[in-house]
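Here are my notes on the model, written as I went through it. Have the structure open while you read, and start with the contacts.

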Amino acid sequence: MSEIREAAVLDRILTLEIVRVVERAAVSAARLRGMGNEKDADQAAVDAMRRELNQLPIQGTVVIGEGERDEAPMLYIGEEVGNKNGPKVDIALDPLEGTTLCAKNQPNSLAVISIADEGSLLNAPDVYMDKIAIGPGYPEGLVDLDRTAIENLTALAKAKGVPINEINVCILDRPRHANLIEEVRTTGAAIRLIGDGDVQGVIHTTDPDETGIDIYMGIGGAPEGVLAASALRCIGGQMQGRLVINNEEQRERAIRMGVTDPSKKFEMIEMAGGDVTFAATGVTDGNMLSGVKFGRGVIKTETVVMRSTTGTVRWVKTEHREFEKFHLD
């Protein structure tokens with residue numbers, strides 16, 4: 001295949017075809033909303049996403065997946081997907097981001113995927129990552145993981161031209177964040193605590209007027225960090241991440257996966273470089289996307305798909321009338 005033809009195929013894959021991948025995963029997971037079984041909902045999304053990926057004309061390698069090969073039967077890190085008749089790409093995915101949210105039928109559960117040029121996505125181990133992110137329109141380097149929360153919030157408020165008590169911070173509601181929450185509150189800034197779904201939490205910083213979120217801080221999953229960085233690459237913003245390594249086994253695992261310096265502070269471009277396309281479909285209703293709607297003979301989904309090289313953001317509302325096909329999947 002010529003380079004021009006490969007580029008054309010990649011363009012097509014990284015726009016509307018990727019939408020079908022996340023739509024199928026979202027519909028499969030949504031059938032189990034509110035049933036209290038996180039494992040089954042996640043497996044349904046995994047199975048559907050894998051089937052759809054294997055129909056695409058790509059040579060894809062999962063670099064962010066459901067775990068390492070011995071721990072995940074499908075969509076494991078290193079798994080090859082696609083029909084092998086197209087360009088080589090890296091794939092980061094979370095077939096069901098917010099498994100607990102889906103199981104409890106709570107807002108903001110998503111099916112998420114990112115596809116980029118081969119070698120462009122950070123092959124992050126399944127450990128925690130300390131993250132900080134803001135939306136577009138600010139001077140580069142305005143916030144930094146090596147600064148205190150007070151210093152970062154002070155700088156952000158000054159750049160935004162508002163008092164610090166008008167800054168809103170998104171943080172995962174976890175005991176590990178007790179000190180961070182206390183420090184943020186001493187500044188007068190407001191906090192929105194979220195129970196799950198930190199990919200969406202990071203994305204919310206890109207439109208604070210709509211979401212009410214100016215900055216994301218705190219420790220979440222490293223794989224989710226790569227997915228969030230992929231989204232910010234497409235729509236603008238700043239993000240840094242640093243792996244949280246708690247023992248020698250985690251350190252060795254990071255090195256084995258290609259992270260030569262596990263203590264490194266990664267910039268956004270180092271987590272998601274090259275030509276990146278990001279897509280997410282709502283499973284449950286949320287601030288960013290509506291969840292899957294099941295009707296008589298029709299299934300409705302809402303998806304956002306973005307591309308870094310063009311800055312294009314598409315909002316795709318789809319009515320699926322191939323009801324039996326979706327049902328059989």
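1. Leaving aside its neighbours within four places in sequence, which residues is Thr 211 in contact with? The model, a predicted one, gives Arg 192 and His 204 as the contacts of Thr 211.

2. Staying with that residue, Thr 211 sits in helix H7, which covers residues 208-211. Thr 211 is buried, at a relative accessible area of 13%. If you want a distance to check, take Gly 201: Thr 211 and Gly 201 are ten residues apart in sequence, and their C-alpha atoms are 9.5 Å apart in space.

3. Now the overall layout. The protein chain is divided into domain 1 (12-120 + 276-326) and domain 2 (128-271). Taken over C-alpha atoms, the centres of domain 1 and domain 2 are separated by 24 Å. As for how they meet, 28 residues of domain 1 are in contact with 21 residues of domain 2.

4. The lining of the largest pocket is made up of 27 residues. Those nearest the centre of the pocket are Asp 94, Thr 99, Asp 126, Asp 196 and Glu 224. By class, the lining of the largest pocket has eleven charged residues, along with eight polar and eight nonpolar ones.

5. Which element gives the most to the lining of the largest pocket? That is S3, with four residues. At least two lining residues of the largest pocket come from each of helix H2 (38-53), strand S3 (88-97), helix H3 (99-103), strand S8 (215-221) and helix H8 (222-235).

6. On to the cysteines. The disulfide count comes to zero. Take Cys 170: the closest cysteine sulfur, in Cys 234, is 20 Å from the sulfur of Cys 170, which is too far for a bond, since a disulfide needs the two sulfur atoms within 2.5 Å. Seen from the other end, Cys 234 is in no disulfide, and the nearest cysteine sulfur, that of Cys 170, is 20 Å away.

7. Are Cys 170 and Cys 234 buried or exposed? Cys 170 is buried, with a relative accessible area of 1%. Cys 234 is buried as well, with a relative accessible area of 6%. Both values fall under the 20% cut-off for burial.

8. Last, a look at the backbone. Most residues other than glycine have a negative phi. Asn 105 has a positive phi of about 55 degrees although it is not a glycine. Asn 105 lies in the loop between H3 and strand S4 (110-117). With 47% relative accessibility, Asn 105 counts as partly exposed.

9. Asn 108 is another one to look at: it is not a glycine, yet its phi is positive, at about 80 degrees. Asn 108 is found in the loop between H3 and S4. Asn 108 is buried, with a relative accessible area of 18%, a value under the 20% cut-off.

Conventions: Residues numbered from 1 in each chain as written. Predicted model: local features only at pLDDT ≥ 70, side-chain atom pairs only at ≥ 80, totals over all residues. Heavy atoms only, no water. 1 Å grid on protein atoms, 1.4 Å probe; cavity = no way out; pocket = protein on both sides within 12 Å on 5 of 7 lines; lining within 4 Å. Nonpolar A, V, L, I, M, F, W, Y, C, P; charged D, E, K, R; others polar. Buried < 20%, exposed > 50% of the residue type's maximum accessible area, 1.4 Å probe, protein only. Domains from an automatic or database assignment. Contact = heavy atoms within 4.5 Å.
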